[in-house]
Amino acid sequence: MRESQVKRTPSEPLLQRIVKILLDRREASLVILLAIMLVPIVARSPQFLSLDNINRILNDISILSIVAIGEFFVILSNGIDLTVGSIIAFSGMASGMLNEAYPNVPVVLILLLGIGIGAAMGSLNGLLVAYGKIPPIITTLGTMSIYRGMTFVLSKGTWVTAHEMTTTFIGFPRRTFLGISALIWMAVIVIALTYYFSRHTRPGREIYAIGGNATAAKFVGVNEKRTRFMVFVISGTLFGFAGSLWTARYASAVNEMATGFEMQAVAACVLGGVNFAGGAGAIPGVVLGALFLGVLNNALPVVYLSTFYQTLVQGMVVLLALIINTVVDQRKTRKLLAQRRAR
Amino acid sequence: MAEQRDLVAKTRLIEERGWRHSLTELFTKWEVLLGIIFVLMVVFFSNLSPYFLDYFNLMNATFQFSEKAIMALPMIYIIMCGDIDISIASIIALSAYAIGTASAAGVGTVGLFAIGLAVGTAAGLINGLLITGFNMPAIAVTLATQSIYRGIAQAALEERAMTSYPKGFGFFGQDFIGQTVIPFELVLYLVLAIVMGFILHKSAYGRRLYAIGSAPEAARFSGIKVKQVRIINYTLMGLFSGLAGILLTSRILSARSNIATSWDLEVITLVVLGGVSINGGKGTMYGVVIASFLVGYLKFGMGLLKLSGTIMTIVIGTLLIIAVLLPRLLDTYKNNRKLRRQQAEAALQATKA
Amino acid sequence: MAETLLTIRDLTKFFPGIKALDNVHLTVRAGEVHALIGENGAGKSTLVKILTGVYFPTGGTITMEGRELAFKNALDAQHAGIVAIHQEASMFLELSVTENIFMGHHLRHPKTKRLDWKGMRERTRELLDQLELPIDGDTLVKNLSVAQRHMVEIAKALSLHAKIVIMDEPTSALTTREVEDLYRIVRQLRAEGRAIIFISHKFEEIFQICDYFTVLRDGQYIGEGFIKDTTTDRIIRMMIGRNIDHMFPKKDPKIGEEILTVENLSQLGAFQDVSFSLHKGEILGFFGLVGAGRSEVMRTIFGIDRRSGGTVRIDGKPFVPKGPHEAMAKGIGFVPEDRQRQGVILSMSIGNNITIVQLDSLCKMGITNAKRELEVTRTYGEKMEIKAAGWHVDADTLSGGNQQKVVLAKWIGTNPRILILDEPTKGIDVATKAAVHEFVSEMASQGIAVMLVSSELPEILGMSDRVVVMHEGDVTAIFEREELQEEAIMRAALGETKEARRA
């Protein structure tokens, strides 16, 4: 309450401002953490930062970034979407089967099919959450089973293997443009579009409003139902798109594909400082979160840990990030309180 | 004055309701609806397959769902308090790994049982301490520990399976009670359900669970040790997951790191299908027990009809959504009707005046 | 006066079981500050919600500048020029001041539809300058004080070109200085020809800032008039429908030995160096403006919040509670301020609400005993004269007054030695209010030590044996009963006297 008497300080010293920005922006602290983590890794294996390896890491996290961004919008609206793996599986399976049955269909159409399937499945989620008023966790718990089951029905339990698909389709993620693979380009496009959407459009900002304070959002005329619906359409669309890419990249479509991938997506969001209570977080953080996971996975062999350690290490990092975020937040609140009393 | 008016109106309302109203009330109760669905299912399957209503088959089928049903019991407490735990399948993997390793080192049946319980309990306690100690969202914390617990099993077991167990160890998950065809697992489940149900509905602890789920702050202002209750819930959840780990290992006599994958979601499904509100404060033991048998026998019946497991997944997913959607629609319908009646009444009064 | 801006005729609103508004009239003219007066539950908030497009009226007309209006949603109301500054600042804490001002009507480049952040920042700067507010538009709202948040909401109303600004208890959480700031802005808005609908319970404030008033009671229109032509008494009579001769049932106190001693109790950011003592059979009043730190002191004594320093002694022994259960073990009962969230458990029956605090003693080996619970419920429920269809009825079906009686019944059931009452009569009807006062006196006469936190001066004056006055976290004065004097107490609450007098 005393703050009303505190005048704006027009010119803080530069260093102080930088420190303040670092403390305010979770993205910044993540970059620092990433840099700190890289030091011992690079010391042990200078190859880690070679162009080749960086390229490999980026290829690895492309699909994860796309999916994590989808999840981000849902968490931002104070929800959760567990259908990540199921939608990827259905769309991936459909893409593989389409390619197998009609080898002449161009890749673009296959991708559009994946996007369409994702959008449709996301719409159902959105309908149930926004208009059926079922909590997101329950809705997506149910539809994740349904969509996974539908994948089996679609495939009749069979797989689509590499030699049943065309080389154009499974080769396209590796085709390069300006020295960068198509897969990375796809991720970059998605990141750019969603960043623009979340930062520079009204519907994008309205997701922040709904997640931050749904009642207040309604007061300023934000259409809550439409926004919640839209959020799930976005996430579904991105998952569907990721499904097509997944099949092409890994050159196979199996019924169990991407099982449990929702956890990776959520983990990237948590690492990126996205608040589970909704209303706070940003695309750059999410992408950094995904990058963090990618570097981690890629670095395991460097520190002589088998890939079987991947889950364990990821879990510990996510837990650590959670604890740090919480402690920093609590300390900030306390500092604010102390300031209030300072006379 | 206003209150007296209220009181009069309320008493009149109750009188007016009469038997017809109480009947609608009964049939809109979720447990009753579930029971009806269960009976319909039994009729349906017994008409389509002669093997469904076979005593031995019905008993034998419970092997397939007893462990999940057991885990649903403490999950009721957790969800009742507005919490969630998605690390339970990983706790099974961890305890199965611990049991397998201990067994390979020559530990006997009783020792294995104790180890399984201890590992589960410890894992649950850690969840509870992390969530309440740092005041972090339960879903985020158990998401992380989900990876950690299974990650430990994965790092240690890699692709291997632990398959050597002492002779008597198979009893818990495979045997029957005495000379009957009643599985030990089923009896254990029913006993635990009665105990946990008694605690939920007839004890101070149970009352506190409802209080915390309905109004966490009011519960705290009433002297309830909310943190302590939540920690106990998570520890119980760990204990029961450890138990399920023992039963599962004993039943399949093998422990891999990918054991029980996605069981957490199946268990949560049982609880929510049983009518426990995901926001806490509402639900009964009866509902969850019926839901457990309903889902279990649904799977069994569909198996008899040679329907693939995938159709089952779809059916159960759909059931879950309907389970939450239906009461909401009914509520809206009831409210609308009430509103219309009130408006009509008000209009009538207005014309009279 | 200037031309009529808004006319409401025969406005009616039904809710299930309740007639919230019944043929209400309201006329608001441009350039006036219009006080909307009524007790809690009189229909003010329903009226505001209809005006802001949150509720749809069941009947009646709203005419603004000659056009009849029917709002489909909150946005319609804003477009029409009606904006509410909400009682509980309903803001987006994680977003910047600029965005809070523009949420719902972000500026966009006309062609590309891209958000015009630069334009919004500039406009924010202008608005904040216009209101002479030293706030940076890029600050996140979560880093602002309550008062600053109010001001941001007002800036937002300006950005919407609001013709009518509704302020619902805008000063309840502000310090004196901040209130002055708010008045300045209200006068500025009036001078610009806007109308302000001002909802307040503080008469001092109404007479200082308002020009005209309309009184509602039980959802009905009672009357209107110019503030300068009326008196507090006349308005109060309209509000409650009779002369106020509310007698406080104060009994002659039999004050016993000291039971609670508080010395230099502090909590970072809330209060500091609070010292007082409490005796058996005494009613110790705590007066101050909202935000003075009284509730926080009580919460700390009861073990809800942690202290950052100081000592509390009960019967001379140091007491550092780990939680409310330890305070309860010492015989402390606590009737909290936020009845709906902290007091009653709405989805539980009256009986379960009453027995929740003494489950341990009612249970054998942790097992509940329905018969004994019913006995206890009946004993204390009847003592408090709770009116309900039965003890099994859920608390959410009760009126606010009866809910408060449930909370009181719950605590007397524990036989407390110390009873803390935090705004026990807030938002309840006159009849229950009297019953609560009666009850408090009764408790004290039985030797229970009572701490009564209240923002209503008459209640404090009428009930207390001694009064502790707080201002911004400090105890500014402690008055004996014979020294109780309205003006002196108010001055201390406003922080205008600093010398603390100890008893």
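His279(C) lies in strand β12 (residues 271–279) of chain C, where helices (H or I, at least four residues) and strands (E, at least two) are DSSP runs numbered from the N terminus. With a relative accessible area of 19%, His279(C) is buried; buried means under 20% relative accessible area, exposed over 50%, and partly exposed in between (1.4 Å probe, protein chains only). Leaving out residues up to four places away in sequence, His279(C) touches Ile255(C), Gly256(C), Glu257(C), Glu258(C), Ile259(C), Ala449(C) and Arg466(C), contact meaning heavy atoms within 4.5 Å.

This is a predicted model, in which local features need pLDDT of at least 70, side-chain atom pairs count only at pLDDT 80 or more, and totals for chains, interfaces and linings use all residues. Residues are numbered from 1 along each chain as its sequence is written, chains are lettered from A and ligands numbered from 1 in the order in which they are written, and side-chain values use heavy atoms, with hydrogens and water left out.

**Chain A**

Chain A has 14 helices and 2 strands. The C-alpha trace of chain A spans about 75 × 55 × 35 Å along its principal axes. Of the 343 residues in chain A, 55% are buried. Among contacts in chain A between residues at least 6 apart in sequence, 77% join residues at least 24 apart.

**Chain A with chain B**

The size of an interface is often given as the accessible area lost when the parts come together. Here, buried area is the accessible area (1.4 Å probe) that two parts lose on being put together, summed over both. Chain A and chain B bury about 3200 Å² between them, with 85% of it on carbon and sulfur atoms. The contact involves 38 residues of chain A and 37 residues of chain B. Between these two chains there are 0 salt bridges, a salt bridge being a side-chain nitrogen of Lys or Arg within 4 Å of a carboxyl oxygen of Asp or Glu. The count of residue pairs in polar contact between chain A and chain B is 1 (both at pLDDT 80 or more). A polar contact is a pair of N or O atoms within 3.5 Å; within protein, one must be able to donate a hydrogen and the other to accept it, and residues adjacent in sequence count only if both atoms are side-chain atoms.

On the side of chain A that touches chain B, α6 (136–155), α12 (261–271) and α14 (310–341) of chain A each supply at least two residues. The largest share, 13 residues, comes from α6(A). By class, that side has 26 nonpolar, 11 polar and 1 charged residues. Ala, Val, Leu, Ile, Met, Phe, Trp, Tyr, Cys and Pro count as nonpolar, Asp, Glu, Lys and Arg as charged, and the others, Gly among them, as polar.

**Chain B with chain C**

Here 27 residues from chain B meet 41 residues from chain C. The area buried between chain B and chain C is about 2900 Å², and carbon and sulfur atoms give 60% of it. Across this interface there are 3 salt bridges, and 11 residue pairs are in polar contact (both at pLDDT 80 or more). To the side of chain B that touches chain C, α10(B) gives the most, with 6 residues. That side has 12 nonpolar, 7 polar and 8 charged residues.

**Salt bridges**

Side chains of opposite charge can pair when their charged atoms come close. Over all chains, the whole structure holds 27 salt bridges, including those tabulated here.

| Pair | Closest N to O distance |
|---|---|
| Glu373(C) and Arg207(B) | 2.9 Å |
| Arg230(B) and Asp83(B) | 2.9 Å |
| Lys299(B) and Glu266(B) | 3.2 Å |

Arg230(B) is buried at 17% relative accessible area, and Asp83(B) is buried at 7%. Lys299(B) is partly exposed at 28%, as is Glu266(B) at 27%. Lys68(B), Glu266(B) and Lys299(B) are linked in a network of salt bridges. In chain C, both Glu423(C) and Arg294(C) are buried.
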